[in-house]
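Let's walk through this one together, going from the overall picture to the places where the chains touch and then to a few individual residues. Keep the viewer open as you read.

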2 protein chains.
Amino acid sequence: MGQDRVTSGRFARSPIADDGDELRFCSTCAFGAVCCDRGVDKLALNELHCLVEHVGPFRAGEAVFRNGDRFGAIFAVRSGTVKTRVVDLEGRELVLGFHLPGELIGLDAIHPESYPCDAVALEPVEVCRFSFPALSTLATRLPGIQQELFRRMSKDIGGKALLAGDYSSDERLAAFLVLLGRRYAERGFAPGTLHLAMSRGDIANYLRLAAETVSRVLRRFQDQGLIKVDGRELAVARPAELFALARPILDR
Amino acid sequence: MGQDRVTSGRFARSPIADDGDELRFCSTCAFGAVCCDRGVDKLALNELHCLVEHVGPFRAGEAVFRNGDRFGAIFAVRSGTVKTRVVDLEGRELVLGFHLPGELIGLDAIHPESYPCDAVALEPVEVCRFSFPALSTLATRLPGIQQELFRRMSKDIGGKALLAGDYSSDERLAAFLVLLGRRYAERGFAPGTLHLAMSRGDIANYLRLAAETVSRVLRRFQDQGLIKVDGRELAVARPAELFALARPILDR
DNA sequence: GCGCCGACTTGACCGGCGTCAAGGCGCGTG
DNA sequence: CACGCGCCTTGACGCCGGTCAAGTCGGCGC
């Protein structure tokens, strides 16, 4: 029941972005939709293949990029979980987000032309690197690519409701679990079960709560029969009630 | 000293985006950098002119677009101040941001393909409308336009630190004033003086505080000699100290 | 095995900020 | 002018969640 077994277990069964088949490209990848689902022609697929560069694996704790590095590329997570964070002058960490396979990181670096945060592996991680100058040049020739970039950036602009509101700890945690569950489900995991690759402290930091509060609320959710917690493995027992708690954050 | 005089005064002296001269285009506008500063050729300028459509004026309280409207265009504020907000099921308002002349709104609507919020005029407002299909088509031919769109979207992704952190009311308000002051300064206002187009309630809502707290903190800042408040007119007396208060939010 | 260490949990206390309530001020309206 | 209505201010009180501290659990190295 150790976390090590859990982690390797997840790894083994993980339906993550895996383009072992080079010509199929990552079916769950950021650009999978462009390449496969939306009928971009073979030429475009080949051009993306020339562009992409596989990087990794990174061990837990290693950085894909660091705050201040000169911006040159965006990345798609292929496998594992990445945490983005900044560290302020006093050394305090501020967690900005968690990124699952198929999700893009580095989009917030285009404007400042340097990465505004660290991207740190929480478990063994592999990524795809897309040189941004090359990608944006490609985007001028392939409108599908440009559209997908616009869409994904737009999505990121809108998606920060969880942190933004003045919500209670119950609402925050419920919404966090619902949203994380959805993202895992999109990646092919069984709905209702999810693995927390990040520590309680990271969750708390991300939700702007104290780690103790996260502990307490999870405990209470379990006592109320909403979820079942076992270390970093979590099962949602009553999705409807959990969603109801998160409703103020999720509908808007 | 009434607010009416203040408002009209601001209007009169406002160095807002104003392209009365059609061929110069808005010098402070969102795409001004593309059109003027970055040497996009006359052809591109003309094409942008064919694309843009002036809309307004809107009276205070009127909506430029509404939550749920089908997405078709992004807008640049030409004059006045726009508030973006959502209203939840119980009718509670949640303020997402304030937008000054030259700033773009509607970028978060590309992905969902419908506007995810209301955009409401806080004072008389004029906007430029850019049909998005036409704009993105244009962007595939003119890399400068595409780059500028990427840059602005990237900036929006990164720029939500104020709301995201678990900061004190002092820090939030100080950062709000510093950032608003900078944006006004970019638009040509005298540094250190700024006009609050929005009510205390809107500020409080945006910062996730109670309106009473905003009142109290502004009062204390004034008692401490940091600022001088007169209704919705505000002068920063000690910018360095105000910045020091906001530092935890602003540097990161 | 033993001991250490970090992650997590649980309890006690307390302070910042929201809530509630009352009152002032400016402005439009009859 | 009197009145009403928002917006804003100010004060009193209470609660949620942060902080501090102690204790537990599980993993790892020796």
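**A walk through two chains**

P143(A), Q146(A), Q147(A) and F150(A) in α5(A) meet S136(B), A139(B) and T140(B) in α4(B). By class, that contact of α5(A) with α4(B) has three nonpolar residues, four polar ones and no charged ones. Before going further, bear in mind that this is a predicted model.

How do these two helices sit against each other? As for handedness, α5(A) passes α4(B) in a right-handed crossing.

Now stay with α5(A) and look at its other partner, α5(B). The axes of α5(A) and α5(B) come within 8 Å and cross at roughly 20°. Angles under 35 degrees count as roughly parallel, and that is why α5(A) is described as roughly parallel to α5(B). The crossing of α5(A) and α5(B) is left-handed. From α5(A), the contact takes in Q146(A), M153(A), S154(A), D156(A) and I157(A), while α5(B) brings Q146(B), M153(B), S154(B), D156(B) and I157(B). Sorted by class, the residues of the contact of α5(A) with α5(B) are four nonpolar, four polar and two charged. Q146(A) turns up here and also in the contact with α4(B).

Zoom out to the whole interface. How many residues of chain B are in contact with chain A? There are 32 of them, and they touch 32 residues of chain A. On the chain B side, α4, α5 (143-158) and α6 (161-164) each supply at least two residues. The most comes from α5(B), which gives eleven residues to the side of chain B that touches chain A. By class, that side has 14 nonpolar, eight polar and ten charged residues.

What about chain A on its own? Its secondary structure comes to ten helices and eleven strands. Of the 252 residues in chain A, 41% are buried. If you take the contacts in chain A between residues at least 6 apart in sequence, 71% join residues at least 24 apart.

The largest nonpolar core has 128 residues, and those with the most contacts inside it are V82(A), F75(B) and V82(B). Take V82(B): setting aside its neighbours within four places in sequence, V82(B) is in contact with V64(B), V77(B), H99(B), I105(B), A119(B), V120(B), A121(B), L122(B) and V125(B).

L94(B) is found in strand β5, residues 93-99, and L94(B) is partly exposed, with 19 other C-beta atoms within 10 Å. L94(B) and K155(B) lie 61 residues apart in sequence and 22 Å apart in space, C-alpha to C-alpha.

Most residues other than glycine have a negative phi. E113(B), however, has a positive phi near 65°. E113(B) is in the loop between β6 (104-105) and β7 (118-121), and is exposed, with 12 other C-beta atoms within 10 Å. R208(B) also has a positive phi, about 60°, although it is not a glycine. R208(B) belongs to the loop between α8 (200-207) and α9 (211-223); with 18 C-beta neighbours inside 10 Å, R208(B) counts as partly exposed.

Terms used
Residues are numbered from 1 along each chain as its sequence is written. Chains are lettered from A and ligands numbered from 1 in the order in which they are written. This is a predicted model: local features need pLDDT of at least 70, side-chain atom pairs count only at pLDDT 80 or more; totals for chains, interfaces and linings use all residues. A crossing is left-handed if the near helix is turned anticlockwise from the far one by less than a right angle, and right-handed if clockwise. Helices (H or I, at least four residues) and strands (E, at least two) are DSSP runs, numbered from the N terminus. Two residues are in contact if their C-beta atoms, placed from the backbone, lie within 7 Å. Ala, Val, Leu, Ile, Met, Phe, Trp, Tyr, Cys and Pro count as nonpolar, Asp, Glu, Lys and Arg as charged, and the others, Gly among them, as polar. A nonpolar core is a set of buried Ala, Val, Leu, Ile, Met, Phe, Trp, Tyr and Cys residues joined through C-beta atoms within 7 Å. A residue is buried if 20 or more other C-beta atoms lie within 10 Å of its own, exposed if 12 or fewer, and partly exposed in between; C-beta atoms are placed from the backbone. Axes are lines fitted to C-alpha atoms, for helices over the stretch in contact, and angles run from 0 to 180 degrees between N-to-C directions. Angles under 35 degrees count as roughly parallel, over 145 as roughly antiparallel, 65 to 115 as roughly perpendicular and the rest as oblique.
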